[in-house]
Amino acid sequence: MGDYGKIFGWLIIVGVGFSVLNYPIKLISRRWISRLDRESVLRKSYMMIQKPIVKYHRYFAAFASLMMIIHLIVQLQYRWLSTTGVVAAGLLVLNGFVGGYGHYVKKKKKSLWLYIHRFVAFLAVVSIVVHIVLRGR
Ligand code: HEM
Ligand code: HEM
């Protein structure tokens, strides 16, 4: 049973991975794809991938949060309270609030919140890497 905790840990990473994809997918779109002809097959195919990633961004984050709660509960039953895990979880929860503020209050309009949101996402990824390298200590 104890090993289930690890599975939920990796599922958090799947959710965070799809959430973070928002950034490179839009960057590539702005730099290269937007210059292609509107009718080009590559542009159309790219947009088919970009659309759900942007549209469901908050649901990928919600999935990650749900997996995080399960991971936390399982690890507390069978392992220990991880310091690096608490830091990573805290950053993800904080970023959920920043994202929620940008989405619902600021209506996705780009301003300071987006820079904070990107930076906290970066810190969260770094803390997750540390959490795994230290094997959940
Ligand atoms: C963003 C949040 C988190 C992510 C992405 C995450 C991810 C992971 C992953 C992938 C592993 C397995 C590493 C391996 O295969 O060796 C792991 C292990 C572990 N995590 Fe987390 N974790 C998070 C938060 C937490 C929290 C809040 C706790 C607090 C209890 C925690 C406690 C642990 C423990 C104790 C282990 C080691 C389990 C073992 O070696 O049997 N994690 N985590
Ligand atoms: C796991 C937590 C989250 C992570 C790691 C994350 C990560 C990111 C990143 C890296 C960007 C930058 C994309 C860009 O530069 O355009 C972004 C944008 C954005 N995020 Fe999040 N996010 C998270 C949660 C949320 C949540 C819960 C919401 C809303 C309820 C949200 C709403 C937004 C919005 C509105 C944008 C602006 C671009 C867009 O419309 O997609 N985020 N997020």
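Helices, as named here, are DSSP runs of at least four residues, numbered from the N terminus. The model described below is predicted.

Helix H1 spans residues 4-31 and helix H2 spans residues 41-55; their axes come within 9 Å and cross at roughly 140°. Angles over 145 degrees count as roughly antiparallel, and H1 and H2 are therefore oblique to each other. Their crossing is left-handed. On the side of H1, the contact involves Phe 18, Leu 21, Asn 22, Ile 25 and Ser 29, which meet Tyr 46, Gln 50, Ile 53 and Val 54 in H2. By class, the residues of this contact comprise six nonpolar, three polar and no charged.

Attention now turns to the ligands. Around ligand 1 there are 25 residues, of which Gly 9, Ser 82, Gly 85, Ala 88 and Gly 136 come nearest. Two or more residues of this shell are given by each of H1, helix H3 (57-78), helix H4 (83-105) and helix H5 (112-133). H1 gives the most, with six residues. The shell around ligand 1 divides into 14 nonpolar, eight polar and three charged residues.

Ligand 2 has 24 residues around it, and Arg 58, Ala 61, Gly 99, His 103 and Ala 121 come nearest. The elements that give two or more residues to the shell around ligand 2 are H1, H3, H4 and H5. Here the largest share, seven residues, comes from H4. In terms of class, the shell around ligand 2 holds 10 nonpolar, 10 polar and four charged residues.

Notes
Residues numbered from 1 in each chain as written. Chains lettered and ligands numbered in written order. Predicted model: local features only at pLDDT ≥ 70, side-chain atom pairs only at ≥ 80, totals over all residues. Axes fitted to C-alpha atoms, helices over the stretch in contact; angles between N-to-C directions. Parallel < 35°, antiparallel > 145°, perpendicular 65-115°, else oblique. Left-handed = near helix turned anticlockwise from the far one by under 90°. Contact = placed C-beta atoms within 7 Å. Nonpolar A, V, L, I, M, F, W, Y, C, P; charged D, E, K, R; others polar. Near = placed C-beta within 6 Å.
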